[in-house]
Amino acid sequence: MESAADLDIEKRVAVEPTKVHASTDNSTDRDVEGERPHPAISEGKLGYLGLKMEAIWGVEARGITRVMDGEKNVARPLHDYFHMFSLWFSINLQAVNIIIGLLGPLVYGLGWVDCVCIVIFANALASCGVAYLATFGPASGNRTMIIGRYFMGYWPSKIACVANIVQQVGFGTIGCIITGQMITAVNGGGLTLAVGCVIAALCIGIIATFGIDYLNKVERFGYIPQAMAIFVLIGSAGKNFDTAAISVGDSGTINANRCSFFALVFAGIIGFSAISADFYVYYPKTYPKWITFASTWSGIWVALLFTNTVGVGIATGIPNMPDWSDAYNISSGALLYACYSGLGGFGGFCVVILALGSITNNAPCSYSAALTIQVLGRYGKKVPRWFWCVLITVVELVLSVAGRNRLFTVFENFLPMMAYWVCPWITIVLEEHLLFHKLTGKAFDWSIYENKSKLPTGLAALLSFLIGFSGAVVGMYQIWYTGPIALEVGGAYGGDIGAWLAIGFAGVVFPPLRWLELKKFGR
């Protein structure tokens, strides 16, 4: 009779024991000998169809199965480090991040200096989280939410999976709305916003469905037309940026608004932490983690510094530009089109380029959302990744059409909410890695990702996650709810400090709880 340790918890079948040996350096990763490979594709007719499509069109048939060392790409360090940079530079050099920059002056009443300082430091901090999680991809060969099992346990990690699916679908929906707005603006209203959302959803869905090879090809050069269009935008509209604009309100109100805008900018990128390792699983594990971190961090931060600042500049010019103000009252897409005024048809062409850029921003989100659905359990895994991408495309299409006239409301409420779950999750990951693996010299066995009996029980992580989220609740500032601590930040309405309280609450309680868990269960 097999022991519990030799059973696959989902399939309830015997799993051959694996022989592992710890590396001789100070690494927290293990090399695995004799690991029994898991099926790389889904079973059944859909899995067979996926194999056929992979052979004919190059559609990625692989799901969440771990990428073994022998399956990884041949090491090309300079090429791969540049690709890490260009991947994230392309993802973030987008109109959506220009629009996030608009919110500082327009929604929070902040001036040029305040907004630019927040853009610099909020993005620098958020990019660290994304880059840190990305380093686990080459080392483990596992997708991000699979890696989460090593920190939150098999069952509790499913909470993070559900939150991540909602988050990535939400990002895709916002991208569809923005793209639809810009296409409609260029067309002069002849093409409805709903049709524009449909076009965007289909373009995003096609790339996500085809998989990692197509994503890499698009992201490798996707930043070039985007950069050109944004440089033209600066040349056309830059003279109207008001760099002398100051923040509005008393000192308490300004401080509260600074907190809220910082939280919004931070939340706009920290959500990528839950997917960043997904794109690195095919890289050799021998790559130094600090170079992987630096390549990822710099690609994100440079792109966001560029786009957010342009958005801030446009927003400061709106009070002095009646045409921009009128366009802003229509939609953010119409505002961007108005910023190209005087360029005629070429300006419209640039707006279309920016609109199509949503593919490079949102296709990775849809791709990872499909993988995360498979992580939820064996039933999700039975359905191929590409099929989940098709369903996600349909969902994003419906949501974008339904919410197309409430974009800024979605921005103000959706983005900060995402940081409320990501922050305690990252805190748990960081403390587990550093305190209970790095300091103790205990290596990760990346081959046991489906073995419940060898993964952490997750009780300490679950309780810490919930406590951390409770910190977010008392510190959040939303239109529909303001926490009691958020009210004390300043001004009449308070400011958003939910993410920082979530980090603090989870960070304080997790180490002692995890120590007790290890003492009781030994894993």
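**View 1. Lys-285 and Asp-69 form a salt bridge.** Lys-285 is partly exposed, with a relative accessible area of 28% (buried means under 20%, exposed over 50%, and partly exposed in between, with a 1.4 Å probe and protein chains only). The model is predicted: local features need pLDDT of at least 70 and side-chain atom pairs pLDDT 80 or more, whereas totals for chains, interfaces and linings use all residues. Residues are numbered from 1 along each chain as its sequence is written, and side-chain values use heavy atoms, without hydrogens and water. The closest N and O atoms of Lys-285 and Asp-69 are 3.3 Å apart; a salt bridge is a side-chain nitrogen of Lys or Arg within 4 Å of a carboxyl oxygen of Asp or Glu. This pair links distant parts of the chain, with Lys-285 in the loop between α12 and α13 and Asp-69 in the loop between α1 and α2, 216 residues apart. Helices (H or I, at least four residues) and strands (E, at least two) are DSSP runs, numbered from the N terminus. Asp-69 is partly exposed, at 43% relative accessible area.

**View 2. Arg-258 and Asp-114 meet in a salt bridge.** Their N to O distance is 3.2 Å. Arg-258 lies in helix α12 and Asp-114 in helix α4, so the pair ties together parts 144 residues apart in sequence. Arg-258 is partly exposed at 33% relative accessibility, while Asp-114 is buried at 17%.

**View 3. Glu-60 and Arg-385 meet in a salt bridge.** The distance is 3.9 Å, N to O. Glu-60 is in the loop between α1 and α2 and Arg-385 in helix α19, so the pair joins parts 325 residues apart in sequence. Both Glu-60 and Arg-385 are buried.

**View 4. Helices α2 and α13 pack with their axes 8 Å apart.** Axes are lines fitted to C-alpha atoms over the stretch in contact, and angles run from 0 to 180 degrees between N-to-C directions. The angle is about 30°, so the two helices are roughly parallel (under 35 degrees).

**View 5. Leu-430, Leu-434, Leu-435 and Leu-439 make a nonpolar surface patch of about 350 Å².** Such a patch joins nonpolar side chains (Val, Leu, Ile, Met, Phe, Trp, Tyr) within 5 Å, from residues with over 30% relative accessible area and no salt bridge; like charges are joined within 9 Å. Areas come from the Shrake-Rupley method with a 1.4 Å probe. Leu-435, in helix α20, is partly exposed at 35%, whereas Leu-439 is exposed at 66%.

Technical notes: Angles under 35 degrees count as roughly parallel, over 145 as roughly antiparallel, 65 to 115 as roughly perpendicular and the rest as oblique.
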